[in-house]
Amino acid sequence: MAIAVSIAERIQRLLLSLRQPSLAPFLAEWPQTHRHRAVVAGDLPVLRWLGTMACDSAAFGADLVTAVADAAPSLAWRQTYTAKELGCAFIDNYGYSEIVGTNGPLVSERLACGFLILGPSTHYPRHHHEAQEIYIPLSGTAGWQQGAEEWRDCTPGTVIYHAVNEPHSMRTGASPLLALYLWRGADLAQNARLG
Ligand SMILES: [Fe+2]
């Protein structure tokens, strides 16, 4: 649990340092005290990219990236989708780990926060969810598309906001992506829906 608390504190410090108004409602929900939940560590094929990202000199919040890479074996890595839905190549290059939230090691019913990893040349197809969301790439530049907008490249440190049920998708190029995500909303346990 000490690892989860240490990572959560690093995340909070990084978010506060950005001084972004769009982050304020999310930071207002940050748990004031730590309630712990036992989680079962889970490995995924996509974790093979963490070594590359831990050496990324262009990473945003490099100490956090290193901390995630070091802590990865003790974190619960999960997937919402199946190979039947999105194919084996996607499943081998996708995973996330919640640190704060409804199933992560630090309990919150008001905020979810964790890390998403996508391998190189991976397209996370268009999806949406009730929760408002913020993504911040930490390592790797990825293409981002939301609503009716054109695709744009998002570099490490970019703050990306998705409104309630706003469709969005991402695609990586030559580099893998490690991104911080934040969710806030009525039903944080609800999965994203494709399409
Ligand atoms: Fe999302």
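## Terms and basis of the model

A residue is called buried if 20 or more other C-beta atoms lie within 10 Å of its own, exposed if 12 or fewer do, and partly exposed in between, with C-beta atoms placed from the backbone. The model is predicted, and local features need pLDDT of at least 70, side-chain atom pairs count only at pLDDT 80 or more, and totals for chains, interfaces and linings use all residues. Residues are numbered from 1 along each chain as its sequence is written.

## Overall form

The chain holds six helices and 11 strands, where helices (H or I, at least four residues) and strands (E, at least two) are DSSP runs numbered from the N terminus. Its radius of gyration is 15 Å, close to the 16 Å that the globule rule gives for 195 residues, so the chain is as compact as a globular protein of that length; the radius is taken over C-alpha atoms, and the rule is 2.2 Å times the number of residues to the power 0.38. Along its principal axes, the C-alpha trace spans about 40 × 35 × 35 Å.

Of the 195 residues in the chain, 35% are buried. Among contacts in the chain with a separation of 6 or more, 72% come from residues 24 or more positions apart, a contact being two residues whose C-beta atoms, placed from the backbone, lie within 7 Å.

## Helix α1

Helix α1 has 17 residues and reaches 25 Å from its first C-alpha to its last, close to the 24 Å expected at 1.5 Å a residue, the expected span being 1.5 Å times one less than the number of residues. Within α1, A4, I7, I11 and L15 are buried. Seen down the axis of α1, its buried residues fall within an arc of 70 degrees, so they line one face of the helix; the arc is that of the directions from the helix axis to the C-beta atoms. An α-helix has 3.6 residues a turn, so residues three or four places apart point the same way.

The buried residues of α1 pack against α2 (24-28), α4, β1, β2, β3 and β10, whereas the face turned away from the buried side carries the exposed residues A2, S6, E9, R13, L16 and S17. Just after α1, R19 takes a positive phi of about 50 degrees.

Strand β5 (residues 132-139) pairs with β8 in the antiparallel sense over three bridges, and the bridge partner of Y135 in β8 is I160.

## Residue Y135

Y135, found in strand β5, is buried, with 22 other C-beta atoms within 10 Å. Not counting residues up to four places away in sequence, Y135 touches I160, A179 and Y181.

Notes: Two strands pair if DSSP finds at least two bridges between them.
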